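Have the viewer open as you go.

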Amino acid sequence: MGRIFETRKATMFARWDKMSKAFARIGKEITIAVKSGGANPDDNPSLRRVIRNGRALNMPKDKIEAAIKRASGQDAANYEEIVYEGYGPHGIAVLVDAATDNPTRTVANIRSAFHKGGGNMGATGSVGFLFKRMGVFRLNPAGLDAEALELDLIDAGLEEMGETTGEKAETQLLLRCAFHDFGTLAKALEDKGITPLSAESEYIAQTPVTLPEDQATKVLEMVDRLEQDEDVQKVFHNLV
């Protein structure tokens, strides 16, 4: 079993709109989930997962309900999920996960953000092979026997387990599985009565790269520029 001992770094570029950006991301995910599986979370595991993630971000219940209602309407936007690839400064590989109702606008904005940040947008497949798409679950460790839980979840697809910290520096358990085992591991946790703090798919870098602080700052400035785009859901890179 792989072991993870990850410390999430405090963001270097705090933004006033950080919370509203997170809520907008959840809102798009709700729309995508509702359109694919319906508005009833009891019958739609994807929607249940997104709602849970929204609550973990302290998204108000009325905003979640409003997003579901909008997504159920005839005028709801049709979002296309697209992953863009490229290189940041100093050869750092970057994946940009976007959800857009206007791909022409989105690709132009992302290309511009790469260019202004000293990077280059690449073709599909240019850096994707450097990442592995995985299901990622974060748990509150209180009351859990981590070692016993790890053994119990191996048959459900668990590949890696370790520690991380949340936004408030609180300790969390971090679980990873192959993306195709996402549903299996989610159900195994549900069967045990464990509600994850969050459950998402992420692109995990397979070739981490370390840079001097000044060079890393340049990369993170470009990442921050990408994240500010309204169509961008998440940005992944291999800088550590």
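What follows covers the model's ground rules, an open sheet, a hairpin and a few loop residues.

## Ground rules

This is a predicted model, so to speak: local features need pLDDT of at least 70, side-chain atom pairs count only at pLDDT 80 or more, and totals for chains, interfaces and linings use all residues. Residues are numbered from 1 along each chain as its sequence is written, and side-chain values use heavy atoms, with hydrogens and water left out.

Helices (H or I, at least four residues) and strands (E, at least two) are DSSP runs, numbered from the N terminus. Two strands count as paired if DSSP finds at least two bridges between them.

## The open sheet

Start with the sheet of 4 strands: it is open, the pairing is antiparallel, and the order reads β4-β2-β3-β9. β4 (120–122) and β9 (232–237) sit at the edges with a single partner strand each, so one side of each has no neighbour in the sheet. On average, neighbouring strands here are turned by 30° against each other, direction ignored; axes are lines fitted to C-alpha atoms (for helices, over the stretch in contact), and angles run from 0 to 180 degrees between N-to-C directions.

β2 (residues 80–87) and β3 (residues 93–100) pair antiparallel over 8 bridges. To find your place, look for Glu-81, whose bridge partner in β3 is Ala-99.

## Helices on the sheet

Helix α4 (residues 103–116) packs on this sheet and touches β2, β3, β4 and β9, where contact means heavy atoms within 4.5 Å. The direction of α4 makes about 20° with that of β2. Helix α7 (residues 213–227) lies across β3 and β9, and runs at about 160° to β9.

## A hairpin

Strands β6 (residues 158–165) and β7 (residues 171–178) run antiparallel and are joined by 7 bridges. Gly-162 stands opposite Leu-174 in β7. The two strands form a hairpin with 5 residues between them, and Ala-169 in the turn has a positive phi of about 70°.

## Loop residues

Is Asn-44 buried or exposed? Asn-44 is in the loop between α1 (18–37) and α2 (45–56), and counts as buried at 3% relative accessibility (buried is under 20% relative accessible area, exposed over 50%, partly exposed in between, with a 1.4 Å probe and protein chains only). Leaving aside residues up to four places away in sequence, Asn-44 touches Ala-33, Val-34, Gly-37 and Gly-38.

Asn-58, in the loop between α2 and α3 (61–72), is exposed at 57%.
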